[in-house]
Amino acid sequence: MLYIIFTALLCFLGIFTFIPKFKSVIERHDVGINFFLTLIATLVGVLLAISFTNYEAEQKEKHDVIKLLNSSISSVKTCYEYSEELTEFFNSLPEEDSLRDEFYIKNPPPYPDYLDTFLMQNIVSKNLSGTTLSELNEYLINLKRSRTFNAPLYLKVLEQTLKLLELEVAFQKDIISEVQLDAEISELDDILTSSY
């Protein structure tokens with residue numbers, strides 16, 4: 001933004017050389033004014049090039065973050081589907097079956113390890129919204145704690161994590177605003193809190 005303001009200011013100063021009222025001054029100092037106009041043109045070009053380069057770099061980072069978010073979504077979906085089948089199998093076991101006693105200890109639901117790697121990447125911490133970053137860290141703690149002792153809760157947290165990541169993708173693609181993102185995340189928290 002600063003580049004655009006500075007460029008506009010320089011262009012505005014250059015316009016004064018075209019006003020007929022200043023013609024005599026321009027003719028007397030034409031070498032200096034030509035130097036000044038050349039300097040303005042050079043600076044405008046450089047500042048615009050920097051602006052475009054910065055914009056392209058930001059867009060590339062945003063695109064990379066969206067790809068990483070989609071990979072995280074795939075990881076969470078896979079864990080959710082497997083955990084759901086595991087829970088269905090556990091629920092199909094008769095109540096008196098000895099397998100039920102230590103079923104989740106011997107067969108823990110899979111944990112989406114990719115999320116830990118995802119959060120450690122610099123590009124993610126720099127570009128992810130603050131609310132999502134905070135909530136995702138909280139969800140990871142809940143996933144680690146509920147994994148072996150409360151499979152239904154673990155499934156619920158996985159589901160909420162999946163929704164959170166999908167909301168962040170929508171935010172990164174400018175489909176929803178930050179205010180909408182925060183409101184949606186608050187609703188997710190309310191749903192998760194009510195299921196405890």
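The model is predicted, so local features need pLDDT of at least 70 and side-chain atom pairs count only at pLDDT 80 or more, while totals for chains, interfaces and linings use all residues. Residues are numbered from 1 along each chain as its sequence is written, and side-chain values use heavy atoms, with hydrogens and water left out.

## Helices around α8

Helices here are DSSP runs (H or I, at least four residues), numbered from the N terminus. Start with helix α7 (residues 130–146) and helix α8 (residues 151–172). They pack at an angle of about 160°, and their axes are 9 Å apart. That angle makes α7 roughly antiparallel to α8. The term applies to angles over 145 degrees; under 35 is roughly parallel, 65 to 115 roughly perpendicular and the rest oblique. Axes are lines fitted to C-alpha atoms over the stretch in contact, and angles run from 0 to 180 degrees between N-to-C directions.

The crossing of α7 past α8 is left-handed. In a left-handed crossing, the near helix is turned anticlockwise from the far one by less than a right angle.

Which residues of α7 meet α8? They are Thr132, Glu135, Leu136, Tyr139, Asn142, Leu143 and Ser146. Their partners in α8 include Ala151, Tyr154, Thr161, Leu164 and Glu168. Contact means heavy atoms within 4.5 Å. By class, this contact of α7 with α8 has 10 nonpolar, 5 polar and 2 charged residues. Ala, Val, Leu, Ile, Met, Phe, Trp, Tyr, Cys and Pro count as nonpolar; Asp, Glu, Lys and Arg count as charged; the others, Gly among them, count as polar.

The crossing of α3 past α8 is left-handed. Their contact has 14 nonpolar, 6 polar and 6 charged residues.

## Two buried threonines

Thr161 lies in helix α8. Is Thr161 buried or exposed? Thr161 is buried, because its relative accessible area is 0%. Buried means under 20% relative accessible area, exposed over 50% and partly exposed in between (1.4 Å probe, protein chains only). Leaving aside neighbours within four places in sequence, Thr161 is in contact with Val76, Leu115, Leu136, Tyr139 and Leu143.

Thr132 sits in helix α7. Thr132 also counts as buried, at 0% relative accessibility. With neighbours within four places again left aside, Thr132 is in contact with Leu164, Glu168, Leu181 and Ile185.

## Salt bridges

Side chains of opposite charge can pair when their charged atoms come close. A salt bridge here is a side-chain nitrogen of Lys or Arg within 4 Å of a carboxyl oxygen of Asp or Glu. How many salt bridges does the structure hold? It holds 6. The table gives some of them.

| Salt bridge | Closest N and O atoms |
|---|---|
| Lys60 with Asp64 | 3.1 Å |
| Glu61 with Lys126 | 2.9 Å |
| Lys144 with Asp116 | 3.7 Å |

Lys60 is exposed, at 51% relative accessible area.

Glu61 forms its salt bridge with Lys126. This pair links distant parts of the chain: Glu61 is in helix α3 and Lys126 in helix α6 (residues 122–127), 65 residues apart. Glu61 is partly exposed, with a relative accessible area of 23%.

Lys144 forms its salt bridge with Asp116. Lys144 lies in helix α7 and Asp116 in helix α5 (residues 114–120), so the pair ties together parts that are 28 residues apart in sequence. Asp116 is partly exposed, at 21% relative accessibility.

The loop between α8 and α9 (178–194) holds Asp174. Asp174 has a positive phi of about 65°, although it is not a glycine. Asp174 is exposed, with a relative accessible area of 58%.

Ile175 is found in the loop between α8 and α9. Ile175 is exposed, at 60% relative accessible area. Not counting residues up to four places away in sequence, Ile175 touches Ala170 and Gln180.

Glu187 lies in helix α9. Glu187 counts as partly exposed, at 47% relative accessibility. The C-alpha atoms of Glu187 and His63 are separated by 27 Å, and these residues are 124 residues apart along the chain.
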